[in-house]
Amino acid sequence: MRNLYTRRTELSNRGTIRIKDSSGRLIYLLVGKWGLSPGVLSVYNVTGERLAEIKQRTLGFFPKFDLYDRRHHVGSLRRYYGISHEMLFVKGLNWFIIGNLMTFNYKVYHGRQCIMTISEVQTATGTALEFHIAEQADEPLCFCIAAILDHWARLDLKAKNKAYYGKLAW
């Protein structure tokens with residue numbers, strides 16, 4: 001298990017996102033965008049090989065995303081109405097995601113085995129996300145999932161701010 005990092009502000013940006021190890025070496029690049037169908041986010045290693053991608057299959061309030069590992073469909077992810085936004089299930093992989101959208105602390109499980117933990121940490125350069133991923137082979141898929149979680153967290157934060165500031169107007 002190794003620790004990998006990205007800046008929190010980069011994860012929500014459209015374009016290229018850099019994932020580095022604890023010594024600052026570049027390990028992965030996430031490239032793409034979503035919001036309009038078909039949005040795609042791909043994970044590449046430093047040699048340019050595409051390792052994983054997540055594709056937006058549907059639009060709407062509860063969009064659906066398909067996960068691909070080395071061009072093979074392995075699962076799907078979506079939010080469901082009536083279920084807490086802090087609990088998600090990745091069909092196909094049988095991964096259960098639990099966490100907090102506001103603090104961006106997450107754990108991903110397969111049964112009782114912890115696949116990944118994400119937590120916000122403060123570094124000298126600002127707020128970063130720290131990833132602990134049990135298996136190196138799962139890292140690209142985990143970064144795809146983290147990007148979608150961040151996207152949803154920012155949408156929820158915008159909605160809460162809008163509701164709050166809308167009440168202040170007289």
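Q: Where does Arg70 sit?
A: Arg70 is in the loop between S6 and S7. Strands here are DSSP runs of E, at least two residues long, and helices are runs of H or I, at least four long, all numbered from the N terminus.

Q: Before I go on, what kind of model is this?
A: This is a predicted model: local features need pLDDT of at least 70, side-chain atom pairs count only at pLDDT 80 or more, and totals for chains, interfaces and linings use all residues. Residues are numbered from 1 along each chain as its sequence is written, and side-chain values use heavy atoms, with hydrogens and water left out.

Q: Back to Arg70. What is its phi?
A: Near 50°, a positive value in a residue other than glycine. Most residues other than glycine have a negative phi.

Q: And is Arg70 buried, exposed or partly exposed?
A: Arg70 counts as partly exposed because its relative accessibility is 46%. The cut-offs are under 20% relative accessible area for buried and over 50% for exposed, with partly exposed in between (1.4 Å probe, protein chains only).

Q: How do S6 and S7 pair?
A: Antiparallel, over 6 bridges. S6 covers residues 64-69 and S7 covers residues 72-78. Strands count as paired if DSSP finds at least two bridges between them.

Q: Which residue in S7 stands opposite Phe65?
A: Leu77.

Q: Where is Asn94, and what is its phi?
A: Asn94 is in the loop between S8 (87-91) and S9. Its phi is near 60°, again a positive value in a residue other than glycine. At 43% relative accessibility, Asn94 counts as partly exposed.

Q: What happens after that, from S9 to S10?
A: S9 (residues 95-100) and S10 (residues 105-110) run antiparallel, joined by 5 bridges. Ile97 has Val108 in S10 as its bridge partner. The hairpin has 4 residues between the strands, and Phe104 takes a positive phi near 55° there.

Q: What does S10 do with S11?
A: They pair in the antiparallel sense over 5 bridges, with S11 spanning residues 113-123. Val108 turns up here too: its bridge partner in S11 is Met116. This hairpin has 2 residues between the strands, and Gly111 takes a positive phi near 65°.

Q: Zooming out, what do the strands build?
A: A closed barrel of 12 strands, running from S1 through to S12 in order, with antiparallel pairing. Neighbouring strands are turned by 20° against each other on average, direction ignored.

Q: How many helices go with the strands?
A: The count is 2 helices and 12 strands. Along the sequence, the pattern is β-α-β-β-β-β-β-β-β-β-β-β-β-α.

Q: New topic. How many aromatic pairs are there?
A: The structure holds 3. Rings of Phe, Tyr and Trp (its six-membered ring) pair if their centres lie within 6.5 Å; planes under 30 degrees apart are stacked, over 60 edge-to-face, and the rest tilted.

Q: Why is the Tyr28 and Phe143 pair called tilted?
A: Their planes meet at 55°, so the pair is tilted, with the centres 5.6 Å apart. Tyr28 lies in S3 (residues 26-33) and Phe143 in H2 (residues 139-168), so the pair ties together parts 115 residues apart in sequence.

Q: Are those two buried or exposed?
A: Tyr28 counts as buried, at 5% relative accessibility. Phe143 counts as buried as well, at 1%.

Q: How does Phe131 relate to Phe143?
A: The centres are 4.8 Å apart and the planes at 80°, so the pair is edge-to-face. Phe131 lies in S12 (residues 126-133) and Phe143 in H2, so this pair links parts 12 residues apart in sequence. Phe131 is buried, with a relative accessible area of 0%. Tyr28, Phe131 and Phe143 form one aromatic cluster.

Q: What sits over the ring of Tyr68?
A: The charged end of Lys55, 4.8 Å from the ring centre. The test is NZ of Lys or CZ of Arg within 6 Å of the ring centre and within 35 degrees of the ring normal.

Q: Last one. How much of the protein is buried?
A: Buried residues make up 39% of the 170 residues.

Terms used:
Axes fitted to C-alpha atoms, helices over the stretch in contact; angles between N-to-C directions.
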